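Okay, thanks for coming, everyone.

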Amino acid sequence: MRRRTFLAGVAGLGVGAALTPSAHAGPQSRPNGPWLQPDQTVQKVALTANTDLGPKLSTIAARSKGRMAVEVAGRSATGWPIHLVRFGEPGSGRLPVLIQTQIHGGEPLGTEVVLRLMQTLATSSHPAVRDILDRLTIWFIPRLNMDGADFRDETGFLVQRRQNTQVWTPQEWGLAAATPAPWYLPRNLLQPGRVSGYDINRDFHPDLTFRLGPGDEALLPGESELPGFYVTPEARTSAAIFQRLRPEVFIDHHHRGSNVESETENQLTTLQVIGLVTEGTPEFPLDPAVRDLSFRINVLVYDALRSLGESPFGGITRYPDVELPGTALGSYALNGAGIMLYETRSVAQKSMGMLIQQSLTGMGVTLEALASGAIDTVDGDRYLDIPPAGPSIGNPRDDL
């Protein structure tokens with residue numbers, strides 16, 4: 001008998017329907033869709049706006065009967081509040097877990113996933129939920145990049161984007177005025193008329209207290225295979241939360257474009273996962289036990305979603321090999337947290353409701369396995385059996 005998780009009952013609670021484009025869908029394109037048709041657009045109005053996020057969190061907390069607490073843990077570069085949601089406190093003897101979403105402002109579905117997950121944890125009477133809350137301390141950063149999530153074009157239309165909104169101020173760090181900006185402030189955003197901003201997910205350093213200072217000019221601009229510099233308040237806020245909780249597991253939710261499973265299989269990949277984003281640095285080596293836990297979490301989710309049979313949830317591949325100690329995942333793995341990356345298919349498609357449910361199911365399975373100890377029985381050596389990412393593709397209708 002297929003095992004049902006406590007999240008099975010929250011499937012289809014209206015988010016997917018709200019996110020479906022209003023135009024009537026035609027037949028699916030090949031490779032396997034769904035793809036947007038020429039007369040369709042993705043409406044982001046159904047996604048949670050920055051102005052609505054705090055009130056939504058407060059409403060869930062008020063209904064939680066003390067299970068859930070909400071605080072403003074920091075501010076974005078332009079002043080938006082960065083929320084932290086807490087189920088339990090560190091030092092309680094429970095295994096600590098940190099789940100972070102929308103570090104890239106144009107990758108919004110993780111926020112919708114954790115809003116539903118928090119609602120269940122806050123209000124459900126299911127025995128599995130009680131076990132999770134008894135055995136885990138779970139903290140959420142439901143939207144780290146508030147600036148990017150609210151980024152608008154010159155007409156005021158919500159477009160969202162990867163970066164935050166921030167200028168390079170070397171004098172702030174005691175550096176010479178001519179010091180180049182970190183490499184992850186895209187040079188095209190330094191051009192006149194452009195709004196500059198950083199890719200926050202390259203701004204991390206395994207030394208969670210690292211700060212630039214006088215004499216560090218030679219470190220700039222850096223490169224992708226090296227740690228970042230904590231010049232963004234968003235990355236510093238996330239690192240401060242990590243230091244408070246010291247999680248044993250860290251989950252980060254992202255988006256990527258469209259891939260097929262392989263050169264010969266044209267099924268669309270709906271999710272890419274990864275449990276290894278850095279081999280470590282001389283000062284911060286990767287603990288083999290952390291790597292093994294990361295592999296087990298990824299295998300667990302892969303198996304759980306594939307077990308659902310003939311389902312879009314089965315289109316899962318392994319994210320390409322990378323060396324990125326300057327990401328949140330990389331820096332936190334080097335500080336003792338087993339990691340999992342959710343790279344769900346791009347939001348610029350019709351299937352947002354399904355993608356939300358896919359990640360929701362994976363996170364629910366993970367929390368249950370961590371609480372029950374079942375994670376210890378997963379064979380992490382099977383991580384490399386997860387098929388590697390296939391070729392990237394675009395909407396075949398774009399060529400029509």
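Predicted model: local features only at pLDDT ≥ 70, side-chain atom pairs only at ≥ 80, totals over all residues.

Let me start with what counts as a cavity: on a 1 Å grid over the protein atoms alone, a cavity is a set of points where a 1.4 Å probe fits but cannot get out, and lining residues have an atom within 4 Å of a point. Residues are numbered from 1 along each chain as its sequence is written, and side-chain values use heavy atoms, with hydrogens and water left out.

Around the largest cavity you'll find G275, L276, V277, T278, L286, V290, S294, A333 and I339. That lining splits into 6 nonpolar, 3 polar and no charged residues, where Ala, Val, Leu, Ile, Met, Phe, Trp, Tyr, Cys and Pro count as nonpolar, Asp, Glu, Lys and Arg as charged, and the others, Gly among them, as polar.

On to the helices, which are DSSP runs (H or I, at least four residues) numbered from the N terminus. Axes are lines fitted to C-alpha atoms over the stretch in contact, and angles run from 0 to 180 degrees between N-to-C directions.

Look at helix 9, residues 352-372, with helix 4, residues 127-135: their axes come within 9 Å and cross at roughly 60°. That makes helix 4 oblique to helix 9; under 35 degrees would be roughly parallel, over 145 roughly antiparallel, 65 to 115 roughly perpendicular, and the rest is oblique. The crossing is left-handed, meaning the near helix is turned anticlockwise from the far one by less than a right angle, with clockwise being right-handed. Contact means heavy atoms within 4.5 Å, and here A128, D131, I132 and R135 of helix 4 meet L367, E368, A371 and S372 of helix 9. By class, this contact has 4 nonpolar, 1 polar and 3 charged residues.

Next, helix 3, residues 109-123, packs on helix 9 at about 50°, axes 9 Å apart. So helix 3 is oblique to helix 9, and this crossing is right-handed. On the helix 3 side the contact includes L109, V113 and L117, and on the helix 9 side L355, M363 and L367 are among the residues.

I297, L300, V301, A304 and L305 of helix 7 touch Q358, T361, G362, V365, T366 and A369 of helix 9. That contact divides into 7 nonpolar, 4 polar and no charged residues.

L220 and P221 are joined by a cis peptide bond, omega about 5°, and P221 sits in the loop between helix 5 (146-149) and helix 6 (233-245). Y230 is in the loop between helix 5 and helix 6 too, with a positive phi near 55° in a residue other than glycine.

Note on methods
1 Å grid on protein atoms, 1.4 Å probe; cavity = no way out; pocket = protein on both sides within 12 Å on 5 of 7 lines; lining within 4 Å. Helix = DSSP H or I, 4+ residues; strand = E, 2+ residues; numbered from the N terminus.
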